[in-house]
Amino acid sequence: MTLDQLETPRLVLDEARLEANLARMARHLAGRAGLRPHMKTAKSAEVAHRALEGQFGGITVSTLKEAEQFLGAGVRDLLYAVGVVPGKLEQVAALQDRGADLTVVLDSAQNARAVAQRAEGLGIRLPVLIEVDTDGHRSGVGPDAPELLEIARILHAHPATELRGVMTHAGESYNRRSVEAIAALAEQERLGVVGPAERIRAAGLPCPVVSVGSTPTALLGRSLEGVTEVRAGVYMFFDLVMAGLGVCGLDEIALSVTCTVIGHQPEKGWVITDAGWMAMSRDRGTAKQPTDQGYGLVCDLEGRPFGDLIVADASQEHGIITHRRGERFDLGAFPVGRVLRVLPNHACATAAAHPAYQVVRSDTEVRAVWERFGFW
């Protein structure tokens, strides 16, 4: 079966590009730090097994459902990289009972005490990383905050918790506008988490794990001295945001969405398709970049971009293709029924709308269908 024989929209994964992207990251980190792939985008056992080839065997997840699914697929070493709360520890305990080595994260003394007490009540011992805020982007305790050592002491002293180390996420890397700026942020990320690790050790406490992670900083950072593991996820697929940052080229983006031309508005220069924001997501991550890709960059069935044709607007089930500068183009080349592919702004958000990958290898033949899961 070929892509144009499937109902649309469908999520397409180019396996050859996936493999090349995985190999690129593995080469980049070889001998420098362990790779703990983040599976929040992929949510697929087939992708996870490929991402783990040649690695130490641990992955990162963003939901406990991901932990459950990947444990069922044979992956035991799991880092749940979203701040944990006591109310989720029953799920954690159930996963431990099934054999998971599941590490959680938190970033306050108050929560450390509450989590330790709940873990004790459940009769479990809980490995914990302290989340450090290295760029003001999201969660975490400050690298120099006195509370860092307070959290560490609580976790080390309590019999129900194990102080396993520190972690951070340089989410601001997505907002940088040059390779140089991302490299500088990567060094800020490294120093901002290695320093707290050294503070913890100087206080006589253990800190074996020093974990960093974002695809831009992982690939563009110049040093990993003092870092033990790197968490990155979207590098497997890449997307238009990553291309806009200079992290990848358009020909490295492994994900796309098929759509079918369902009509035209000739006076407006529009081609209308059946892939709206329900298929592509509402993510407009390229809007603040030098090149705004709308809701996605339009390609032919083989995945080759037409150049400046984008999904400029979208409603729930309709996509509107126009030239990015409003220039006229040959609408006759896009007859009703023609199947196209669209590269996404944000691989995570687009993939979340679909239950499976239609797997190709640099062509249009569907060689496999890999299921993916969603929700929590």
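Colleague: Is Lys43 buried or exposed?

Modeller: This is a predicted model, where local features need pLDDT of at least 70, side-chain atom pairs count only at pLDDT 80 or more, and totals for chains, interfaces and linings use all residues. Residues are numbered from 1 along each chain as its sequence is written, and side-chain values use heavy atoms, with hydrogens and water left out. Buried means under 20% relative accessible area, exposed over 50%, and partly exposed in between (1.4 Å probe, protein chains only). Lys43 has a relative accessibility of 10%, so Lys43 counts as buried.

Colleague: What is phi of Lys43 near?

Modeller: Most residues other than glycine have a negative phi. Lys43 lies in the loop between β2 (34-35) and α2, with strands (E, at least two residues) and helices (H or I, at least four) being DSSP runs numbered from the N terminus. Its phi is positive although Lys43 is a residue other than glycine, with a value near 45°.

Colleague: Which loop holds Phe238?

Modeller: Phe238 is not a glycine, yet has a positive phi of about 60°. Phe238 is buried, at a relative accessible area of 1%. The residue is found in the loop between β9 (229-230) and α9 (240-245).

Colleague: What is omega for the cis peptide bond that joins Thr8 and Pro9?

Modeller: Most peptide bonds are trans. Pro9 sits in the segment before β1 (10-14). The bond from Thr8 to Pro9 is cis, with omega about 0°.

Colleague: How many salt bridges does a search of the whole structure find?

Modeller: Side chains of opposite charge can pair when their charged atoms come close. The criterion is a side-chain nitrogen of Lys or Arg within 4 Å of a carboxyl oxygen of Asp or Glu. Searching the whole structure gives a total of 22.

Colleague: Which residues are linked with Glu15 in a network of salt bridges?

Modeller: Arg50 forms a salt bridge with Glu15, the closest N and O atoms being 3.4 Å apart. That pair links helix α2 (residues 45-51) to helix α1 (residues 15-29). Glu19 pairs with Arg361, with 3.1 Å between the closest N and O atoms. Linked with Glu15 in the network are Glu19, Arg50 and Arg361.

Colleague: How many residues apart in sequence are the parts that Glu90 and Arg118 tie together?

Modeller: The side chains of Glu90 and Arg118 meet in a salt bridge at 2.8 Å, N to O. Glu90 lies in helix α4 (residues 89-97) and Arg118 in helix α5 (residues 109-122), so the parts tied together are 28 residues apart.
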